[in-house]
Amino acid sequence: MSEPYVPYHKPGTITMLAGPCSIESEEQFDAVAACLEGLGLSWIRGGAFKPRTSPYSFQGLGEEGVRIMRTAADAHHLQCITEVVDTAHVQYVHDNVDALQIGTRNMANFELLKKVADVTEESHKPVLFKRGMAATIDEWLSAVEYLTQKGNPNMMLCERGIRTFENATRFTLDISAVPVVHQRSMFPICVDVSHPAGQTALIPSLAKAAIAAGADSLMIEVHPDPKNAKSDAAQQLTLPQFEELMGELREVAQTVGKTIV
Ligand code: PEP
Ligand code: MN
């Protein structure tokens, strides 16, 4: 039996999953890791295998990205989470990071979900399971059972915005998903505020709303030089912007009796 992993979520805390959209280089990723460590946070995110809408967009550094992530996370005493997009690399990613992410485009990729269930059967490594952008909450809560069917209980659901007729934002953040998931599921819920926002100006309001609604975790994209980011440039906060926002979010968290870790 392997040791249990530190779970994503402890009562009374909000787990911050911040980091760049994509892992681009050692320098870029280390700069973010140093910032997060300095803020007393415990996790870093970043994409190594990117599920891009266009095949001509940056696809991620793959295994090299995972190596960069592991090195920086260890150097800065952080745990790390990255997305898996293909059954072929689930084992490699599992063996090198602390939690696996399944993105919106793969919520209904049931073969991938079964593979993640198999690979985490013994380790019980945490899995962040994003809602499909066109999935109902019932479909999402049904799909998560593919991940738990081999016995891994360490799931966190993640609302990241859904497609609606509204196009003022990149996706419509379904804030109702937070209380509905709490009503219908035992799993904690993360709110990814970056992907629905699509622009930095909306991030503070959405993050505060998520905390007020009862989110157990937040995901926010942060980059040392967003203008030159290889993916999602418009929505990533600079490190100073993130530091300032963290101060505001800690105050909001305090009013609901939680601390951000
Ligand atoms: C991400 O978090 O890196 C990502 C690609 O998000 P989503 O699957 O929500 O689009
Ligand atoms: Mn992104």
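## Overall fold

How many helices and strands does the chain have? The chain has nine helices and nine strands. Both are DSSP runs: helices are H or I with at least four residues, and strands are E with at least two. The radius of gyration, taken over C-alpha atoms, is 17 Å, close to the 18 Å of the globule rule for 261 residues, so the chain is as compact as a globular protein of that length. That rule is 2.2 Å times the number of residues to the power 0.38.

This is a predicted model, in which local features need pLDDT of at least 70, side-chain atom pairs need 80 or more, and totals for chains, interfaces and linings use all residues. Residues are numbered from 1 along each chain, chains are lettered from A and ligands numbered from 1 as written, and side-chain values use heavy atoms, without hydrogens or water.

## Around ligand 1

Residues near ligand 1 (a heavy atom within 4 Å) include Arg 45, Glu 83, His 195 and Met 219. By class, the shell has one nonpolar, four polar and six charged residues. Asp, Glu, Lys and Arg count as charged.

## Polar contacts

A polar contact is a pair of N or O atoms within 3.5 Å. The side chain of Arg 160 places a polar atom 2.6 Å from a ligand 1 oxygen. For the side chain of Lys 130, the distance is 2.8 Å. Thr 104 uses a backbone N or O atom, 2.9 Å from an oxygen of ligand 1.

Technical notes. A polar contact is a pair of N or O atoms within 3.5 Å; within protein, one must be able to donate a hydrogen and the other to accept it, and residues adjacent in sequence count only if both atoms are side-chain atoms.
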